[in-house]
Structure formats: structure tokens, C-alpha cells
Amino acid sequence: MLPPNTLQGQVAIITGGGTGLGRAMALEFARLGAKLVLASRSAEHLEPAAAKLRQQGAEVLTVPTDVRDPAQVDRMVQQTKERFGQLDILVNNAAGNFVCKAEDLSPNGWRAVVDIVLNGTFFCSRAVGREMIAQGRGGKILSVLATYAWTGGPGTVHSAAAKAGVLAMTRTLAVEWAQHKIRVNAITPGAVQTEGASGALWGNPESARKLLEKIPVGRLGSPEEIAQAAAFLVSSYADYINGENLTLDGGAWLGRGFLAVQ
Ligand code: COA
């Protein structure tokens, strides 16, 4: 575990920060001394998470934000500046997804997911990056990916294509903004036990068993494990890591190979 003053006084925006992994990251960043800005589409997700963070003694601002709308994103950055006077970390965690055969996916369904994942990540990175450049103190941007961004993933053509775009964006901005001391990285969680994913994706014993067979370490990840890795990547311990992706999936995406001995 990172020491409790690791992110002392730093201001972190987490999109989709009210639930699941976003919330776990907010809790870990707060434990490490950060001030938090939680931005999600729905206000009702934000307040319970903010209340929990305040209980831990963290300073928190909630800004209902649809990342698809650049004007709302700009407003979120403006409110962050007004409240905290600075901005140090952005986590692009907001996402939207559903499983659908490519041939059945409507143009609107495609647009909805690409808009949230790819366009939303750019709008947030752009608005925050401009502010970090103006501040002249550097910063850290971290985007959440999925392994199907590089393996492909049947049923997720919209999300896989959008996340692959975010991976390319990560590498591009890492080089472009290094001169401004902004580090840009990605983190890729595999199967993680969150309220949302557990019910929707492996809610029955049969699908849970099949899933576990695919994970070499034989278990799901915990939100805390992902949050600790995210905190490391935005901390000064990772100051020489730029344009990288860190995958936490128990080795699942590597597959078992076709000459498997087990
Ligand atoms: N299967 C097929 N198409 C779907 C779908 C599904 N499960 N869910 C949404 N769509 C389509 C809609 O039919 C619509 O297309 P249409 O106008 O051609 O009918 C289009 O996607 C937009 O749907 P809408 O519900 O209006 O979008 P939204 O912008 O309010 O929300 C999502 C988009 C992706 C966020 C929404 O599908 C959702 O709530 N998903 C589950 C929650 C989630 O994604 N959590 C994050 C997990 S990473």
C-alpha cells in the first residue's frame, strides 16, 4: 500500500466517480490525501459516494456531468478551479456499454457508446490538459481501458473500437504533452467484483464458473486492487511511466494457449 501522504493536497477529477471502480479509486485517492471532484451523469450516484468520502475527512466536489457534452465538461473544469484553485489528476473512468451482436447494433447504439468512451475521454482530456498547461505545474491523466481494445471482443464492437481509440489517444497525448510535464497512462481492469458487473455479467453460477476458468490466477479482482494500481500510476512513484498501459486481469487476456499443460 502507498503511504497515506502520497497524493497529499492534489486535486483529482474522476469521471463516473460515484459508483464501481470510479468510487473505489476516489476512496483510495482520498486515503492518500487527495481532494476529489466526482463527475457522473446522474446526480443520485454522486451524493452517496461524496458522503462516504467526507466521512473519511476528504474534501469533495460533485458536478453532474455528461462527458459527451463539451460545454458540461468545460463547466466541470471551471467549477473545479473555482472550488480548489488547481487541478492535478484526471481519471477518465466514465463508460457506457452493453453486449450486442454487431449486425444488430443500431447506428444510435454505436454512437451512444463511442460518444461516451471515445469522445467523452477526449473532451475531458482536452479541457483538463488545457488547464494543466496553463497552470504550468504538469499533471497526470489516466484512462480506463478493457483488454478487448487490443484482443477484440465479440459483442462489444462499439466499446472495443472506442477503447482502442482511447489507447491510441493515451500514447499520442503522452508524447505531445510530455513537454508540459503531463503524464498520460491507461489502466485495464479485467473481471472485477463490482455491484454493476457482478449482476449483469456473471450473475448465475454457470457463467461465474466459466469466467473463473478463463482467469489463470483463479479469482476475480477486487476494486481496491485496481484503485491501488491507479493511485500508483498517478503518483510520483510512477514519474517515469508515460504512455503505458497497466493490465490487472490475473493473466486472463493471454489465454491458455493451444498446447496447454493444465
Ligand atoms: N442492446 C442494444 N441496443 C441498445 C442497448 C442494448 N442493451 N442499450 C442501448 N441500446 C441502444 C438503444 O436502443 C439506442 O438506439 P436506438 O435509438 O437505435 O434504439 C441507443 O443505444 C441509445 O440508447 P439510450 O438508452 O438512449 O442511450 P443513453 O445515451 O441513455 O445510454 C448507455 C447509453 C450505453 C449508457 C446505456 O445503454 C446504458 O445505460 N448501459 C448500461 C450501463 C452501463 O453502460 N454501465 C457502464 C458499464 S461499462
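Predicted model: local features only at pLDDT ≥ 70, side-chain atom pairs only at ≥ 80, totals over all residues.
Colleague: Which residues come nearest to the ligand?

Modeller: There are 13 residues around the ligand, and R68, N97, S106, N108 and G109 come nearest. For R68, a polar side-chain atom lies 2.7 Å from a ligand oxygen atom. For N97, a backbone N or O atom lies 2.7 Å from an oxygen atom of the ligand.

Colleague: Thanks! Now to the helix α4: how do you know that its span agrees with its number of residues?

Modeller: Helix α4 covers residues 107-135, which is 29 residues. At 1.5 Å a residue they should span 42 Å, and the end C-alpha atoms are 40 Å apart, so the two agree.

Colleague: Where is the kink in α4 centred, and what follows the helix?

Modeller: The kink, of about 40 degrees, is centred on D115. After α4 comes G136, with a positive phi near 75 degrees.

Colleague: On to F29, then. Why is F29 called buried?

Modeller: Buried means under 20% relative accessible area, and F29 has 0%, so it counts as buried. F29 is found in helix α1. Leaving aside neighbours within four places in sequence, F29 is in contact with residues including L7, I14, L36, V91 and V234.

Colleague: Which members of the largest nonpolar core touch the most other members?

Modeller: Of its 34 residues, those are M25, F29, L36, L38, L53, V91 and I187. Elements that each supply at least two residues of this core include β1 (11-15), β2 (35-39), α2 (43-55) and α9 (223-233). The largest share, seven residues, comes from α1. In soluble globular proteins, nonpolar side chains tend to be buried together.

Colleague: What does I187 touch?

Modeller: Not counting residues up to four places away in sequence, I187 touches L142, V144, I226, A229 and L248, among others.

Colleague: One last thing: how far is F29 from R183?

Modeller: F29 and R183 are 154 residues apart in sequence, and their C-alpha atoms are 17 Å apart in space.

Definitions and conventions
Residues numbered from 1 in each chain as written. Heavy atoms only, no water. Helix = DSSP H or I, 4+ residues; strand = E, 2+ residues; numbered from the N terminus. Expected span 1.5 Å × (residues − 1). Bend = angle between axes of the 7 residues up to and from the residue. Core = buried A, V, L, I, M, F, W, Y, C linked by side-chain atoms within 4.5 Å. Buried < 20%, exposed > 50% of the residue type's maximum accessible area, 1.4 Å probe, protein only. Contact = heavy atoms within 4.5 Å. Near = heavy atom within 4 Å. Polar contact = N/O pair within 3.5 Å; in protein donor to acceptor, adjacent residues only side chain to side chain.
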